[in-house]
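Colleague: I'm new to this one, and I'd like to learn how to read it. Could you walk me through a few features?

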Amino acid sequence: MADKPRIKLPKEAAKGEVIQIKTLVSHVMESGQRKDAQGKAIPRKIINKFACEFNGKPVFSCALEPAISANPYIQFDARIDEAGTFKFSWTDDDGTVITAEEKIALKA
Amino acid sequence: MARRYVGMAAAIVAAVSIATLAVAEDAERKGIAAPPGHVFKTIVSGYEFRSKETRALQDDDLENPGFLAVERAADVWKKVEGGEGKSCMSCHGEAETNMKGVGAAMPKWDDKLKKPVNLEQRINICRSEHMKAEPWKFKSRELTDMTTFVRYQSHGMPVAVKTDGPMSPWFERGKQIYYTRYGQLDLACESCHERNNGKFMRADFLSQGQTNGFPTYRLRDQRVVPLHERFEGCMFDVRAEPFKPLSDEFLALELYVAWRGIGLPVETPAVRN
């Protein structure tokens, strides 16, 4: 069961304004380098890709590597030209995708 | 040649600025005045001993990864479990109002058990007696999450444990453990956290060993760590055989150490190294 990611961005923005988006997701980010008590390697399980799109257009995406610590925190900026929905996705090594959505309105 | 001197000068300047930085950080540590008869003049939270970056991480409610635990437990709070068909909420209602101050006053005397119980034990008593559900294991994510969640409801409130009445023998026992040297390294809690707090040791500042931020998100473990696990870690580090988590020894110690930080604001979920 994946936990709900934490996302922070303003509810509304002026047209053309650059806003900051903060995201935090709960994940073990097991590097694959560690061994368990029996000496067996613990298989790698990380979020390998994060992507954010706004009204269907990509805004930001990045590849994550095993050295990134648990519960990855990602912060980036985006310019708002229209009201719409941000879609966030975190892709796990095992193929599961954690998704979230946030709406933003234009300031009147 | 000239270039080499420039390099050296830069190195000296860098060293001096690091030294002044360390002093500046030292002077900045703010604490609260201790009550009369206390071991410290000023009680200082572990927060003040951490780096600027770690403190910033704790202060931002979104960035602080400890809040992942708080949010997880907020859902569990409403979840019905066990034979009685109850959730935490069935009896306690909204945690935000009804759990205020509860965590700040733990460990607390339990009349039925004739001993003090801490938050983890109280949660498990609720689960096994009132919900007829399986108690959670210590160190399990569920128990640590719920402890963090309940304690978070006292965020900013002063630590207010009672140490008189039936608690006093436990307080004395905790004090005795605090001042007893353990392990191959022959160190007591006091050796580091009373006598040497504020000093730089093992690439870190020794704190007063306050418990106001527990359960705390440890960057080293990348998860929320309950107090008794930290106690265990300390004892392991001095190469002693640790007491068992939730044992009477650790409970007495928890009570005594909480008193040493009496009046400090609860910081749960704190972020520490």
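**Reading the model together**

Modeller: Let's start with a residue in its surroundings. Leaving aside neighbours within four places in sequence, Asn64(B) is in contact (heavy atoms within 4.5 Å) with Leu24(A), Leu57(B), Gln58(B), Pro269(B) and Val271(B). Keep in mind that this is a predicted model, where local features need pLDDT of at least 70 and side-chain atom pairs count only at pLDDT 80 or more, while totals for chains, interfaces and linings use all residues. Residues are numbered from 1 along each chain as its sequence is written, chains are lettered from A and ligands numbered from 1 in the order in which they are written, and side-chain values use heavy atoms, with hydrogens and water left out.

Colleague: Where does Asn64(B) lie, and is Asn64(B) buried or exposed?

Modeller: Asn64(B) sits in the loop between α2 (52–59) and α3 (66–77) of chain B. Helices here are DSSP runs of H or I with at least four residues, strands are runs of E with at least two, and both are numbered from the N terminus. With a relative accessible area of 0%, Asn64(B) is buried. Buried means under 20%, exposed over 50%, and partly exposed in between, using a 1.4 Å probe and protein chains only.

Colleague: How many residues of chain B and chain A are in contact, and what area is buried between them?

Modeller: The size of an interface is often given as the accessible area lost when the parts come together. Here 13 residues of chain B touch 14 residues of chain A, and about 1,200 Å² is buried between the chains (accessible area lost with a 1.4 Å probe, summed over both parts). Carbon and sulfur atoms give 51% of that area. Leu62(B), Leu68(B) and Gln222(B) supply 52% of what chain B buries against chain A, more than any other three residues.

Colleague: How do I read a helix pair, and at what angle do α8(B) and α11(B) cross?

Modeller: Two packed helices are described by the angle between their axes and the distance between the axes. The axes of α8 (residues 168–178) and α11 (residues 248–260) of chain B come within 7 Å and cross at roughly 90°. Axes are lines fitted to C-alpha atoms, for helices over the stretch in contact, and angles run from 0 to 180 degrees between N-to-C directions. The two helices are therefore roughly perpendicular, the word for 65 to 115 degrees; under 35 is roughly parallel, over 145 roughly antiparallel, and the rest oblique. Residues in the contact include Trp170(B) of α8(B) and Tyr256(B) of α11(B).

Notes. Buried area is the accessible area (1.4 Å probe) that two parts lose on being put together, summed over both.
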